[in-house]
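Here are a few notes from going through the model. Have a look at the structure first, then read on.

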Amino acid sequence: MVETRNPTIERAIDIVSAEIELTEDEYRAFRRFLSRLRDIGSSEKQPVAESLPTQAPMLAIADSHQAGGGSHRGNKTQQRVINAYRETIMQLDHFEEEYGNPVHEDIALEFGQQVAYIVFAEPALSPIAVQQLITQAKNSLDERRQYSRELDRELDSLEHYNKDLSEIETRFAECPAPSEIAAETVPTIHDELLGLEQRCKKLVNRRQDMLHSRSSANLRGIDDLSFNRYVYGQRLSVTCPVLHDAVSLFRDIQTQRERCEETLSLSTTRGTN
């Protein structure tokens with residue numbers, strides 16, 4: 001069996017690839033949900049409410065939902081919204097595994113308790129509330145689009161650094177140990193190893209610059225520095241797979257270079273005696 005050169009990076013590539021597929025599935029589901037909301041908004045003519053409630057206690061939302069035995073006691077429009085959500089978002093293959101929330105909790109988490117209160121606790125769903133739902137669904141759609149772009153960027157970065165590190169490791173594997181070569185060849189191998197160390201350092205610096213320049217402002221609950229924790233935190237033992245593998249390789253190269261220096265130092269000492 002051929003040993004994986006950069007095991008953490010290659011595992012990260014698998015994770016990000018799978019996350020891209022899930023995000024694209026969610027994006028398509030929210031498009032379907034948004035389409036159904038627009039149909040509801042254009043077909044239902046309800047009295048216009050003056051404003052949305054300023055407070056929406058989760059307990060009231062849950063009580064209203066449970067009082068109907070898991071169904072809803074509100075008007076036809078509200079039931080159509082709930083059915084649309086169940087038949088699009090909650091029908092995702094990964095919904096139960098990734099989220100697993102009851103419909104009232106998931107709507108509250110996705111759109112906010114204010115909107116969930118309108119859907120589950122108010123006696124009627126007004127056109128203004130439907131528009132609020134449409135706005136929130138658009139926001140969810142935009143978040144998935146932005147998240148998908150960041151994931152694509154991350155995947156490209158992982159594949160790029162995996163290739164670069166593999167090239168460095170190939171060169172490193174071609175460098176013999178100082179004990180296996182003539183003394184006069186050791187300085188050449190030392191310089192080769194020093195050059196590989198410098199390549200590792202530059203690679204690490206570029207990756208760190210990318211991590212700090214990542215713009216995740218449009219990703220709710222994910223700031224610039226927590227993107228990696230969000231994607232890798234529950235799936236890898238590290239949150240910076242490129243840095244992990246790059247530093248590991250750097251240390252191996254450094255150890256070999258230091259052995260060369262020890263060999264050169266011993267040769268110099270013997271030559272002066």
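1. Keep in mind that this is a predicted model. The buried set is Val103, His104, Asp106, Ile107, Ala108, Glu110 and Phe111. Note that His104, Asp106 and Glu110 are on that list.

2. Gly112 sits just after the helix and has a positive phi, at about 100°.

3. Next, the pairing of H1 (residues 7-43) with H3 (residues 76-88): their axes come within 9 Å and cross at roughly 165°. An angle over 145 degrees counts as roughly antiparallel, so that is how H1 runs relative to H3. The crossing is right-handed.

4. Who makes that contact? On the H1 side the residues are Ala29, Arg32, Phe33, Arg36, Leu37, Asp39, Ile40 and Ser43. H3 contributes Thr77, Arg80, Val81, Asn83, Ala84, Tyr85, Glu87 and Thr88. Sorted by class, the H1 and H3 contact holds 7 nonpolar, 4 polar and 5 charged residues.

5. Setting aside neighbours within four places in sequence, Thr23 is in contact with Arg144, Tyr147, Ser148 and Leu151.

Key: Residues numbered from 1 in each chain as written. Predicted model: local features only at pLDDT ≥ 70, side-chain atom pairs only at ≥ 80, totals over all residues. Heavy atoms only, no water. Buried < 20%, exposed > 50% of the residue type's maximum accessible area, 1.4 Å probe, protein only. Helix = DSSP H or I, 4+ residues; strand = E, 2+ residues; numbered from the N terminus. Axes fitted to C-alpha atoms, helices over the stretch in contact; angles between N-to-C directions. Parallel < 35°, antiparallel > 145°, perpendicular 65-115°, else oblique. Left-handed = near helix turned anticlockwise from the far one by under 90°. Contact = heavy atoms within 4.5 Å. Nonpolar A, V, L, I, M, F, W, Y, C, P; charged D, E, K, R; others polar.
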